[in-house]
Amino acid sequence: MLMTLYPEGETTMSEEKDPRVLFAAERTLLAWNRTSIALIAFGFLVERSGMLMQMLAAESPDRLPQSITVLVGLLFILIGAGVAIFASRQYARFLSTLKPSDFPEGYAARWGIVVNVGVALLGMLLAVALFLAQ
């Protein structure tokens, strides 16, 4: 095991057991999580904007613009859910390449996957609820 002694008496971890690799992967997962949540929120906003446009233009009976915004909004929501699933899959694949010694003791690295899958399921549930409300 490589240990480097610094003048102050501090030591660094060996390259073999460096937790920064795991934490960098986790930060990437969390960035994708934020992206998926933003896509879902934007999709909800787009979906509801059709209702707002219909209320503002009450004299126009044309429902085509509202149908388009519903479709585009639902697509954004489903893309956001797909991004969450994809990111979870990538992170799980990366975790499978690490050795048990690469994980800090007592660290639960899989909770990020649970959160991302939860976001994906809630996004899909939202898309179904909005679709059925039409």
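Helices (H or I, at least four residues) and strands (E, at least two) are DSSP runs, numbered from the N terminus. With that in hand, the protein chain reads α-α-α from the N terminus on. That is three helices and zero strands.

A word on the source. This is a predicted model, where local features need pLDDT of at least 70, side-chain atom pairs count only at pLDDT 80 or more, and totals for chains, interfaces and linings use all residues. Residues are numbered from 1 along each chain as its sequence is written, and side-chain values use heavy atoms, with hydrogens and water left out.

Now the whole chain. Accessible areas come from the Shrake-Rupley method with a 1.4 Å probe; for residues, only the protein chains shown count as cover. The protein chain exposes about 9100 Å². Carbon and sulfur atoms supply 70% of that. Buried means under 20% relative accessible area, exposed means over 50%, and partly exposed lies in between (1.4 Å probe, protein chains only). Of the 134 residues, 29% count as buried.

Next, contacts, meaning heavy atoms within 4.5 Å. Take the contacts between residues at least 6 apart in sequence: 73% of them join residues at least 24 apart.

On to the cores. In soluble globular proteins, nonpolar side chains tend to be buried together. A nonpolar core here is a set of buried Ala, Val, Leu, Ile, Met, Phe, Trp, Tyr and Cys residues joined through side-chain atoms within 4.5 Å. Which residues make up the largest nonpolar core? There are nine: Leu22, Ala25, Leu29, Ala87, Tyr91, Leu95, Leu98, Ala109 and Ile113. Helices α1 and α2 each supply at least two residues of this core. Look at Leu98. Leaving out residues up to four places away in sequence, Leu98 touches Leu22 and Phe103. A second, separate core has seven residues, including Ile40, Leu74, Val119 and Leu130.

Rings next. Rings of Phe, Tyr and Trp (its six-membered ring) pair if their centres lie within 6.5 Å; planes under 30 degrees apart count as stacked, over 60 as edge-to-face and the rest as tilted. By this rule, we get two aromatic pairs. One is Phe23 with Tyr107, edge-to-face, at 5.3 Å centre to centre and 75° between the planes. This pair links distant parts of the chain, 84 residues apart. Phe23 sits in helix α1 (residues 20-56), and Tyr107 in the loop between α2 (64-97) and α3 (111-133). Phe23 counts as partly exposed because its relative accessibility is 27%. Tyr107, at 30%, also counts as partly exposed.

The other pair is Phe42 with Phe76. Their ring centres are 4.9 Å apart and their planes stand at 90°, so this pair is edge-to-face. Phe42 is in helix α1 and Phe76 in helix α2, 34 residues apart. Phe42 has 40% relative accessibility, so it is partly exposed. Phe76 has 27%, so it is partly exposed.

Now charge. Side chains of opposite charge can pair when their charged atoms come close. A salt bridge is a side-chain nitrogen of Lys or Arg within 4 Å of a carboxyl oxygen of Asp or Glu. How many does a search of the whole structure find? One salt bridge. The partners are Arg48 and Glu47, at 2.9 Å, N to O. Arg48 is partly exposed, at 27% relative accessible area. Glu47 is buried, at 2%.

Last stop, Thr69. Thr69 is in helix α2. Is Thr69 buried or exposed? Thr69 has a relative accessible area of 11%, so it is buried. Not counting residues up to four places away in sequence, Thr69 touches Val46, Glu47, Ser49, Gly50 and Met53.
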